[in-house]
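Here is a friendly walk through one protein model, one topic at a time. Please keep the sequence and the 3D view at hand as you read.

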Amino acid sequence: MATLATAAPAAAILPVHQNGSSVGEGVPLKAYATMTPTVHLFGDVITARLAVIADTKWVNAQQLRVRTNFSPYVTVRKPQVLRLRSGRFLQVTYTWQLRCLASPCVPRLPPSDKFHVFHFSPAHIDYVTPTGRRAYGIDAYWPPVEVLSQVSPGVARFLQLTNHISWRLRLAPVASPTYRASPTLLLWLAVALAGALGLLAVWFAGRWYLVVRPRRTTAVELPGTPLERALAVLRYAHETGDETLQRKAFERVADELGTERADELSRVAKEHAWSPRTPEDEEVEEFAVQALGAGTEDEA
């Protein structure tokens, strides 16, 4: 209760009960707001407490609602709520842990501006009806909070003169990391997977090259002399009824018979090649035999 005694009571807009109350002055509840400490260094955690003292004859603690805003400070953890009761007297204490690491809380130069003073919005304590409608309420005012720089005057003077920062670090032992799987095993598995994928890529590239590369053709020597091959084409064209191929075959035979002893056969071959009439089977066979015999005589 010593802390509450030093805190400023909240501004009250409350009903007054003529029969009196356990909190005094005939009002059903009172509220006190405190900050500890009210002067702190940048980055330190401060404690905000809001104590609501109520007469349970007139107040149901379950119907109390508290609204507050500590911007730019933020809460470090969820607020703690403590309830103490003695007879009709009930005290509900809300505790917040606050800290500000944002730019608005950073003390800046010049030295006259090394601190900031924050005036928080008052905390609103509402008493609502069972249906949720506000019946009445009071405000509790927080004391101002002053933020000082953690840079001492000597260090600040040194920085101004030298424009040099001497960093200081506290090194603490760091626990060894733990892994779900061995990093070495994962490394070799990754290497093996990369190698397998590389071999697969090489195999696919080889298959693709075999499909798209130009095919080499080897010249095949057909059996027989050029005249015999030309006569074979002639017989084939005549048997299949290919008149165009047959005329070309006669021309080829005439060229291969280009000797003095074969002049008559060459003329006959050219006549068959350009004749509008297609020679009969007997004529083609007889010509082929004669031409083959003429070619044999020439070779002899």
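## Salt bridges

A search of the whole structure finds 5 salt bridges, a salt bridge being a side-chain nitrogen of Lys or Arg within 4 Å of a carboxyl oxygen of Asp or Glu. This is a predicted model, in which local features need pLDDT of at least 70 and side-chain atom pairs count only at pLDDT 80 or more, while totals for chains, interfaces and linings use all residues. Residues are numbered from 1 along each chain as its sequence is written, and side-chain values use heavy atoms, leaving out hydrogens and water.

One of the bridges joins the side chains of Arg88 and Asp55, at 2.5 Å from N to O. Arg88 sits in the loop between strand E7 (80-86) and E8, and Asp55 in strand E4, so this pair ties together parts that are 33 residues apart in sequence. Helices (H or I, at least four residues) and strands (E, at least two) are DSSP runs, numbered from the N terminus. Arg88 is partly exposed, with a relative accessible area of 36%, whereas Asp55 is buried at 0%. Here buried means under 20% relative accessible area, exposed over 50%, and partly exposed in between, with a 1.4 Å probe and protein chains only.

Glu243 and Arg247 form another bridge, their closest N and O atoms being 2.8 Å apart. The two are 4 residues apart in helix H5, which means about one helical turn separates them. Glu243 is partly exposed at 38% relative accessibility, and Arg247 is partly exposed at 22%. Elsewhere, salt bridges that share partners join Arg67, Asp126 and Arg134 into one network. Asp126 counts as buried at 8% relative accessibility, and Arg134 as partly exposed at 45%.

## Two nonpolar cores

The largest nonpolar core has 37 residues, and those with the most contacts inside it are Met35, Leu50, Phe70, Tyr73 and Trp142. Such a core is a set of buried Ala, Val, Leu, Ile, Met, Phe, Trp, Tyr and Cys residues joined through side-chain atoms within 4.5 Å. At least two of its residues come from each of the strands E2 (29-36), E4 (46-55), E8 (89-99), E10 (123-128), E11 (134-140) and E12 (145-148). Strand E4 gives the most, with 6 residues.

A second, separate core has 16 residues, among them Val253, Leu265, Ala273 and Ala291.

## Helices with a buried side

Helix H4 (residues 226-240) has 15 residues and reaches 21 Å from its first C-alpha to its last, close to the 21 Å expected at 1.5 Å a residue. That expected span is 1.5 Å times one less than the number of residues. Its residues Leu227, Ala230, Leu231, Leu234, Ala237 and His238 are buried. They fall within an arc of 125° seen down the axis, so they line one face of H4; the arc is that of the directions from the helix axis to the C-beta atoms. The face of H4 turned away from its buried side carries exposed Tyr236 and Glu239. Just after H4, Gly241 takes a positive phi of about 75°.

Helix H6 (residues 263-274) has 12 residues and reaches 17 Å from first C-alpha to last, close to the 16 Å expected. Leu265, Ser266, Ala269, His272 and Ala273 are buried in H6. They cover an arc of only 125° around the axis, which puts them on the same side of H6. Phe250, in helix H5 (residues 243-256), is buried with a relative accessible area of 0%. The C-alpha atoms of Phe250 and Ala269 are separated by 5.2 Å, although the two are 19 residues apart along the chain.

Leu193, Leu197, Leu200, Trp203 and Phe204 form a nonpolar patch on the surface, with about 550 Å² of accessible area together. Leu193 lies in helix H3 (residues 183-212) and counts as exposed at 53% relative accessibility. Patches are made of residues with over 30% relative accessible area and no salt bridge, like charges being joined within 9 Å and nonpolar side chains (Val, Leu, Ile, Met, Phe, Trp, Tyr) within 5 Å. Accessible areas come from the Shrake-Rupley method with a 1.4 Å probe; for residues, only the protein chains shown count as cover.

The peptide bond from Thr36 to Pro37 is cis, with omega near -10°, and Pro37 is in the loop between E2 and strand E3 (39-41). The bond from Ser71 to Pro72 is cis too, with omega near 10°. Pro72 lies in the loop between strand E5 (64-67) and strand E6 (74-75).
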